[in-house]
Amino acid sequence: MKATDLTAETVRAMFDYDPLTGRLSYREDRRCGRGRISMKAGDEAGTQRPTGYRLVNIGGKPMLTHRLAWLHVHGEWPRHDIDHINGDPSDNRLANLRDVPHSVNQQNLRRASKGRKHGTLMGTAWHAGTRKWRALIAVNGRQKSLGYFATEEQAHHAYIAGKRRYHEGCTI
């Protein structure tokens with residue numbers, strides 16, 4: 001079975017989804033091969049991966065729960081990538097999910113680089129040479145510096161302003 005063969009009706013029959021919490025849960029008990037209950041109705045569906053994403057097996061195929069949540073609510077598979085707006089792949093609240101082209105989704109990635117301390121706020125990195133926080137943004141596949149700041153919050157604000165300026169259609 002391909003993921004796209006799965007219909008919204010089938011997903012709705014198997015799972016409940018709470019758009020306020022982002023929780024996908026089983027509607028009925030699931031039984032393993034020997035007839036024992038492996039998951040009870042109401043249990044959260046899937047397994048949390050080290051990356052933060054949740055996966056659930058349907059018909060032997062692993063599927064991302066945020067994509068199933070989208071199908072559950074909208075009645076159709078997303079056309080593109082599902083972006084977690086706040087950058088947290090474990091936050092599957094409907095308000096945090098959006099269907100965007102891959103290039104837009106890549107703008108929200110948090111990458112750790114060797115020898116550089118990234119901040120906890122998106123678009124920030126500590127610059128040891130200046131002992132300041134630096135705001136960075138990717139524009140057309142190239143990293144662009146938005147300046148150096150005394151605090152990480154100031155650098156993050158510069159990053160948000162840069163997203164609005166350089167990334168058309170940005171809603172943050």
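Predicted model: local features only at pLDDT ≥ 70, side-chain atom pairs only at ≥ 80, totals over all residues.
**Exercise 1. In which order do the 3 strands of the open sheet stand, and what is the sense of their pairing?**

Residues are numbered from 1 along each chain as its sequence is written, and side-chain values use heavy atoms, with hydrogens and water left out.

*Solution.* 
- Step 1. Recall the terms. Helices (H or I, at least four residues) and strands (E, at least two) are DSSP runs, numbered from the N terminus. Two strands pair if DSSP finds at least two bridges between them.
- Step 2. Read the order: E5-E6-E7, with antiparallel pairing.
- Step 3. Find the edges. Strand E5 (47-48) and strand E7 (61-64) each have a single partner strand, so one side of each is left without a neighbour in the sheet.
- Step 4. Look at one pairing. Strand E6 (residues 54-58) joins E7 over 4 bridges, in the antiparallel sense. Isoleucine 58 stands opposite lysine 61 in E7.

**Exercise 2. Work out how many residues of helix H2 are buried, and name them.**

*Solution.* 
- Step 1. Count. Helix H2 (residues 65-74) has 7 of its 10 residues buried.
- Step 2. Name them: Thr65, His66, Leu68, Ala69, Trp70, Leu71 and His72.
- Step 3. Look past the end. Glycine 75 follows H2 and has a positive phi, near 80°.

**Exercise 3. Describe the largest nonpolar core.**

*Solution.* 
- Step 1. Define the core: a set of buried Ala, Val, Leu, Ile, Met, Phe, Trp, Tyr and Cys residues joined through side-chain atoms within 4.5 Å.
- Step 2. Give its size and centre. The core has 18 residues; Leu6, Phe15, Val56, Ile58 and Leu68 have the most contacts inside it.
- Step 3. List the suppliers. Helix H1 (8-14), strand E1 (15-18), strand E2 (23-26), E6 and H2 each give at least two residues. The largest share, 4 residues, comes from H2.
- Step 4. Look elsewhere. Another core, of 5 residues, lies apart; Met122, Ile137, Val139 and Ile160 are among them.

**Exercise 4. Classify the 2 aromatic pairs.**

*Solution.* 
- Step 1. Set the rule. Rings of Phe, Tyr and Trp (its six-membered ring) pair if their centres lie within 6.5 Å; planes under 30 degrees apart are stacked, over 60 edge-to-face, the rest tilted.
- Step 2. Take phenylalanine 15 and tyrosine 26. Their centres are 5.6 Å apart with 40° between the planes, a tilted pair. Phenylalanine 15 is in strand E1 and tyrosine 26 in strand E2, 11 residues apart. Both are buried.
- Step 3. Take tryptophan 126 and tryptophan 133. At 5.4 Å centre to centre and 70° between the planes, this pair is edge-to-face.
- Step 4. Check the cover. Tryptophan 126 has 24% relative accessibility, so it counts as partly exposed. Tryptophan 133 is buried, at 12%.

Conventions. Buried < 20%, exposed > 50% of the residue type's maximum accessible area, 1.4 Å probe, protein only.
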